[in-house]
Amino acid sequence: MQVLQVQLEVGPDPAEVGRARRWARSRLAGSGIGDDEPLAETLVLLISELVTNAVVHTGCPAVLRMLFAAEGGVRVEVADASDRPPRPRHAEGDDTNGRGLELVDGLADRWGWQPEGAGKSIWCEVDPAPAAPSPGPGHGQGHGSGRGPGVGPGSGPGASMAPGRVHC
């Protein structure tokens with residue numbers, strides 16, 4: 001399997017999230033994923049959530065990586081300096097935060113986290129959309145998305161970054 005990897009260093013400022021989204025859109029377009037495609041919108045939202053978590057909860061720089069598989073799938077990784085694993089959270093009705101990794105769980109085909117250096121990397125993968133079946137005999141109904149729970153230590157629905165700052 002061939003994989004193209006690109007990466008961006010993100011500063012410890014919440015304004016960097018917008019820069020990461022713009023950068024991701026340009027890299028997606030360069031890989032042949034159009035700005036108006038649902039896959040691009042999903043990936044940009046996933047990137048926004050993961051970069052926001054890294055910047056807001058650590059106060060340290062992070063590294064955003066996108067890996068493009070020849071088969072069309074995309075893996076997003078955000079590495080930060082915190083060794084604190086994601087922990088389950090559930091936002092209530094009017095809460096203004098706590099939904100980020102619930103969104104990741106709902107949008108990505110797989111996600112998880114792993115230790116990386118002195119910190120960690122949170123990752124998610126989105127598979128290419130299956131080709132639409134041609135109408136006609138012999139074609140059954142489509143299958144579900146195959147989205148399932150993340151793998152790796154501490155992953156899963158409702159997980160989020162542990163609060164608190166780390167030393168960069």
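Before anything else, I noted that two strands pair if DSSP finds at least two bridges between them. Helices (H or I, at least four residues) and strands (E, at least two) are DSSP runs, numbered from the N terminus.

This is a predicted model, so I kept in mind that local features need pLDDT of at least 70 and side-chain atom pairs count only at pLDDT 80 or more, while totals for chains, interfaces and linings use all residues. Residues are numbered from 1 along each chain as its sequence is written, and side-chain values use heavy atoms, with hydrogens and water left out.

**Entry 1: neighbours of β6.** I found strand β5 (residues 110-116) joined to β6 by 7 bridges, running antiparallel. Gln114 has Ser121 as its bridge partner in β6. The hairpin of β5 and β6 has 2 residues between the strands, and Gly117 there takes a positive phi near 60 degrees. I also checked strand β3 (residues 74-80), which pairs with β6 in the antiparallel sense over 7 bridges. Glu77 stands opposite Trp123 in β6.

**Entry 2: burial.** Is β6 buried or exposed? I use buried for under 20% relative accessible area, exposed for over 50% and partly exposed in between (1.4 Å probe, protein chains only). In β6 (residues 119-126), 8 of the 8 residues are buried, so the strand is largely enclosed by the rest of the structure. Gly119, Ser121, Trp123 and Glu125 point one way, while Lys120, Ile122, Cys124 and Val126 point the other way.

**Entry 3: the sheet.** I read the order as β1-β2-β3-β6-β5, an open sheet of 5 strands with antiparallel pairing. β1 (3-10) and β5 stand at the edges with a single partner strand each, so one side of each is left without a neighbour in the sheet.
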